[in-house]
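Subject: Handover of a structure and notes on its contents

Dear colleague,

Please find the structure below, with the sequence alongside. My notes follow it.

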Amino acid sequence: VYWILTTAGAYDNLGTIARLLLARGIRRDHILNGHVGDATHFQGNLRYAERENMDYIATGISYMEFGLDIKQIPYRGVNLAVSSQDLYYGYRIAADIFAHGKKLRFCLIGVTPYSLGYQMHRSFMTIGASRQYELLLPGEVREDDLFFQLLSDAYKAQYVRRSFPADPNYDRFKTMVPHNISLKDFFHVENMLQDVVVKLRQDAFASNLKTMKAYVRLCNEHHAKPIAVVLPLSPIIHDRYPGKELADFRAVLTSLQDEMGLSIIDLFDLRVDYDGFYDLVHMNPHGAALASRAVAKRLDSILHGHS
């Protein structure tokens, strides 16, 4: 017997229900997330990037989705970062854009200190979001996702045929979230720290490092500068972030810089005050503009040969 969980309400309810089933002795591999990711703002931008000529694309998780303001970058680009996106799907997106014959000057690869330990398909809560990439992008479908195999061909075809307007800077989408931190966020700072500090599994690290190298290699092969971008977090998260995890992460980026020519824009230590965030890790438009101006300044030196 398999339990397929879905909800029309708060998405977090799926995790609550799954935990209740586990407590009642239901096997973990018999509890399936029945959600299919539907980030229509991302889908509109993906098709836009496949059609139009760009100087760059940006990939990454929600830090990049909200924290990059492309109006501050003096090149034509599109934001393809979206909540929960891991390195593997960022790489798949870039491969898709290049496969459409697009000639990019550079790729902004949004990474965080936990990027090398995070994989969407390993988490019950994010595997559903990963399915939109399997539907939208060419390539091998993960055979270990039983629920995806249950989706009908008619559903898959209908999903792919849909069309949504492009919003290269996600301006419309960003109006749908609050622009200021609430006081309750500070009461949950330890929970937030647990979310953004992922303990590295050796197999996950090896897989993500392989993917990161493939992403850098892909950019190099298409004469697009690969640029890793690390955006700032709020002061309280920054100050409490474990030093060893941060140092290990930076060491990996530096090794890729030395071995493969990865450029790095590391703004982790950029001080953006609380009025620049809508929660403790995501910047609001004010913070995004500040950080993106710093990205643009560093980008100028990279593209002129001072990486």
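In these notes, a residue is buried at under 20% relative accessible area, exposed at over 50%, and partly exposed in between, computed with a 1.4 Å probe on protein chains only. By that scale histidine 223 is exposed, because its relative accessible area is 73%.

This is a predicted model, in which local features need pLDDT of at least 70, side-chain atom pairs count only at pLDDT 80 or more, and totals for chains, interfaces and linings use all residues. Residues are numbered from 1 along each chain as its sequence is written, and side-chain values use heavy atoms, with hydrogens and water left out.

Backbone at two loops

Histidine 223 has a positive phi of about 60° although it is not a glycine, and it sits in the loop between α11 and β6. Helices (H or I, at least four residues) and strands (E, at least two) are DSSP runs, numbered from the N terminus. Serine 84, likewise not a glycine, has a positive phi of about 80°; its loop runs between β4 (77–79) and α4.

Helix α13

Just after the helix, glycine 261 takes a positive phi of about 85°.

Aromatic rings

The whole structure contains 14 aromatic pairs. Rings of Phe, Tyr and Trp (its six-membered ring) pair if their centres lie within 6.5 Å; planes under 30 degrees apart count as stacked, over 60 as edge-to-face and the rest as tilted. Phenylalanine 42 and tyrosine 133 have ring centres 5.4 Å apart and planes at 65°, so their pair is edge-to-face. This pair links helix α2 (residues 40–51), which holds phenylalanine 42, to helix α5 (residues 127–136), which holds tyrosine 133, across 91 residues. Both residues are buried.

The rings of tyrosine 91 and tyrosine 215 also form an edge-to-face pair, because their centres are 6.3 Å apart and their planes are at 65°. Tyrosine 91 belongs to helix α4 (residues 87–99) and tyrosine 215 to helix α11, 124 residues apart. Tyrosine 91 is partly exposed at 25% relative accessibility, whereas tyrosine 215 is buried at 1%. Ring pairs also link Phe42, Tyr88, Tyr89 and Tyr133 into a cluster.

Cysteines

How many disulfides does the structure hold? There are zero, a disulfide being a pair of cysteine sulfur atoms within 2.5 Å. Cysteine 107 is in no disulfide, and the nearest cysteine sulfur, that of cysteine 219, is 3.6 Å away. Cysteine 107 is buried, with a relative accessible area of 0%, and cysteine 219 is buried with a relative accessible area of 0%.

With kind regards
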